Amino acid sequence: MILDTNKIEEKALANFKGGEKALNARMHVDENNKIIFGRLEPGASIGEHTHETNSEIIFFTSGKGKVIYDGKEERVEAGLCHYCPQGHTHTLINDSDDDLIFHAVIPEHPAK
């Protein structure tokens with residue numbers, strides 16, 4: 001299956017998960033996965049949240065920022081990948097002067 005990001009409407013999700021400003025996202029969602037093509041403008045963030053029933057893999061394609069993962073800061077930039085396993089907490093913050101662009105995959109996990 002090909003997902004053409006040019007054909008997916010970008011939506012501004014204000015204060016996503018309690019974050020600052022908006023997550024600009026093109027999303028594909030089905031019963032097993034969420035696939036997000038995301039953009040955070042300077043000063044925008046995704047609020048801190050815990051992955052209870054899923055995990056998240058984020059590939060950064062442009063820009064710089066930081067992740068707070070289980071309370072520890074990690075710097076991110078194009079070419080890096082951040083992984084937040086099930087049961088862990090993170091937030092994503094664009095503290096730079098340029099857009100932070102990423103692709104995220106959020107697979108649901110079977111109940112234990």
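Student: Which residues lie nearest the centre of the largest pocket?
Tutor: Phe-16, Lys-17, His-49, His-51 and Ile-106 do, out of 23 lining residues. This is a predicted model, where local features need pLDDT of at least 70, side-chain atom pairs need 80 or more, and totals for chains, interfaces and linings use all residues. Residues are numbered from 1 along each chain as its sequence is written, and side-chain values use heavy atoms, without hydrogens or water.

Student: What counts as a pocket, and what counts as lining?
Tutor: Take a 1 Å grid over the protein atoms alone. A pocket is an open set of points where a 1.4 Å probe fits, with protein on both sides within 12 Å along at least five of seven lines. Lining residues have an atom within 4 Å of a point.

Student: How much space lies in the largest pocket?
Tutor: About 310 Å³. That volume is the space filled by probe spheres set on the points, with points joined across faces, edges and corners.

Student: Which elements give two or more residues to its lining?
Tutor: Strands S2 (22-29), S3 (33-40), S4 (45-50), S5 (56-62), S9 (89-93) and S10 (100-107). Strands here are DSSP runs of E, at least two residues long, numbered from the N terminus.

Student: How do the lining residues divide into nonpolar, polar and charged?
Tutor: 11 are nonpolar, 7 polar and 5 charged. Ala, Val, Leu, Ile, Met, Phe, Trp, Tyr, Cys and Pro count as nonpolar; Asp, Glu, Lys and Arg as charged; the others, Gly among them, as polar.

Student: New topic. How many aromatic pairs does a search of the whole structure find?
Tutor: 1. Rings of Phe, Tyr and Trp (its six-membered ring) pair if their centres lie within 6.5 Å.

Student: Why is the pair of Phe-60 and Phe-102 called tilted?
Tutor: The ring planes of Phe-60 and Phe-102 stand at 55 degrees, with centres 6.4 Å apart, so the pair is tilted. Under 30 degrees would be stacked, over 60 edge-to-face, and the rest tilted.

Student: Is Phe-60 buried or exposed?
Tutor: Phe-60 is buried, at 3% relative accessible area. Phe-102 is buried too, at 1%. Buried means under 20%, exposed over 50%, partly exposed in between (1.4 Å probe, protein chains only).

Student: Back to S9. How many of its residues are buried?
Tutor: 4 of its 5, which leaves S9 mostly covered.

Student: What does S9 pair with?
Tutor: S4 joins S9 through 4 bridges, running antiparallel. Strand S6 (residues 64-69) also pairs with S9 in the antiparallel sense, over 4 bridges. Strands pair if DSSP finds at least two bridges between them.

Student: Which residue in S9 is the bridge partner of Ser-45?
Tutor: Ile-93. Lys-66 stands opposite Ile-93 as well.

Student: How many disulfides are there?
Tutor: 0. A disulfide needs two cysteine sulfur atoms within 2.5 Å. For Cys-81, the nearest cysteine sulfur is that of Cys-84, 12 Å away.

Student: Are those two cysteines buried or exposed?
Tutor: Cys-81 is partly exposed, at 44% relative accessibility. Cys-84 is buried, at 0%.

Student: Last one. What about the phi of Asn-15?
Tutor: Asn-15 has a positive phi of about 50 degrees, although it is not a glycine. Asn-15 lies in the loop between strand S1 (11-14) and S2. Lys-21 lies in the loop between S1 and S2 too, with a positive phi of about 55 degrees.
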